[in-house]
Amino acid sequence: MIRRAGWAPRAVHQPVEDVIAAILDGVLPALDDVPADMQAELVEMTWLDDVALLAIAGALLSEADRRRLVELSGRDSLSDAERKELDGLRERYGKVTLRKARALALLSVRSGKGSLAQAA
Amino acid sequence: MSEAIPRALRERVAEEARHRCGYCLTDQGVSGAQMHIEHIVPRARGGRTLRSNLWLSCGWCNSFKRTRIAAPDPATGVEVVLFNPREQDWSQHFRWVDGGTRIVGLTPTGRATVEALRLKMSRAPSEHSSAAETSIPLPAGERQDRPQAPAWSRPPAATRRLGVDLRAQGPVLHQLGTQPVSGMRRSWETAARARPQAHLPRG
């Protein structure tokens, strides 16, 4: 870790304080807006290895779910049951997206690069 | 639906859209589902499957836009046409705020689109039932008193809060000596090209 702490700031031409802040940002993500039932899962991803994170980063909603999401979204009117189904599909889509985002953020930090907040 | 759109046309539209949702700018590389080729004027409203009427949208935006082409500007109540990602400049109608985690509308079209597509959805359920949000007309035949949306963050806002820097993914792959999961390389390479312009997507 000490070696990395010395290498990373040089590699990205950033002050060591900024790099450490980015690392902490990766380990301790801002969980604002994250559903309560996913907060622990997203933090626990910190300890997954790179292969596991890459798998998560490549995940997508199932094709059946995606098609159904598109189908329901293209209808003029929905029954109560269909509206509930659409909400459920949105939630599944959101969960996959958040896991991907977290995996990409962790991979980004592990590569010695910063977070989006730094890039902005 | 995208299934009826020829593959070459889908690919051309995706390239034109830089593999990002035309509304929230979520990149395909971070989206939880394959992006949808949207009819800007929905087929249910007479929109045709022509390149000029097609763009990319994410599952979230598309599921809220549905078959609408207009919505009220929450500032005035006047109904206006929703944002057209092919013909209009994103930065003229929207702006990132709150550290790049939320989108606000700058114009009547921008404000109406933010409200209609829930571009600023918060996790707080109370905000979902605000007057501004529940006043949005739903497609014909749908009840106005629909149940509250689940206590869900809009994914793009939360993904930005999680600190994604898509530009870093290429180096990650190089460092790990790992071949990306099938289909990811192009998304990441696209993201690497697109991300620096994310705040001015359609210059």
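**View 1. R118(B) lies in the loop between α4 and α5 (125–128) of chain B.** The model is a predicted one, in which local features require pLDDT of at least 70 and side-chain atom pairs count only at pLDDT 80 or more, while totals for chains, interfaces and linings use all residues. Residues are numbered from 1 along each chain as its sequence is written, and chains are lettered from A and ligands numbered from 1 in the order in which they are written. Helices (DSSP runs of H or I, at least four residues) and strands (runs of E, at least two) are numbered from the N terminus. Although R118(B) is not a glycine, its phi is positive, at about 55°. R118(B) is buried, with 21 other C-beta atoms within 10 Å. A residue is termed buried if 20 or more other C-beta atoms lie within 10 Å of its own, exposed if 12 or fewer, and partly exposed in between, with C-beta atoms placed from the backbone.

**View 2. Helix α4 (residues 108–116) of chain B is mostly covered.** Eight of the nine residues of this helix are buried. Among them are R111(B), V114(B) and E115(B). R118(B), with its positive phi, follows just after α4(B).

**View 3. R18(B) is found in the loop between α1 (7–16) and β1 of chain B.** The phi of R18(B) is positive, near 60°, in a residue other than glycine. R18(B) counts as buried because it has 20 C-beta neighbours inside 10 Å.

**View 4. Strands β1 (residues 36–39) and β2 of chain B run antiparallel.** Four bridges join the two strands; strands are paired if DSSP finds at least two bridges between them. E38(B) has W55(B) in β2(B) as its bridge partner. Strand β2(B) (residues 54–57) is covered on both faces, with L54(B) and L56(B) buried on one side and W55(B) and S57(B) buried on the other.

**View 5. Helix α5 (residues 63–73) of chain A has R66(A), L69(A), V70(A) and S73(A) buried.** Seen down the axis of α5(A), these residues fall within an arc of 95°, so they line one face of the helix. The arc is that of the directions from the helix axis to the C-beta atoms. An α-helix has 3.6 residues a turn, so residues three or four places apart point the same way. The cover over the buried residues of α5(A) includes α6 (80–110) of chain A, together with β1 and α2 (59–65) of chain B.

**View 6. Helix α4 (residues 50–57) of chain A crosses α6(A) at roughly 140°.** The two axes come within 8 Å; axes are lines fitted to C-alpha atoms over the stretch in contact, with angles from 0 to 180 degrees between N-to-C directions. The contact is made by residues including L53(A) and I56(A) of α4(A) and A103(A) and L107(A) of α6(A), where contact requires C-beta atoms, placed from the backbone, within 7 Å.

**View 7. E82(A) is placed in helix α6 of chain A.** E82(A) is partly exposed, with 14 other C-beta atoms within 10 Å. E82(A) and L72(A) are 10 residues apart in sequence and 7.4 Å apart in space, C-alpha to C-alpha.

How values were computed
Contact = placed C-beta atoms within 7 Å.
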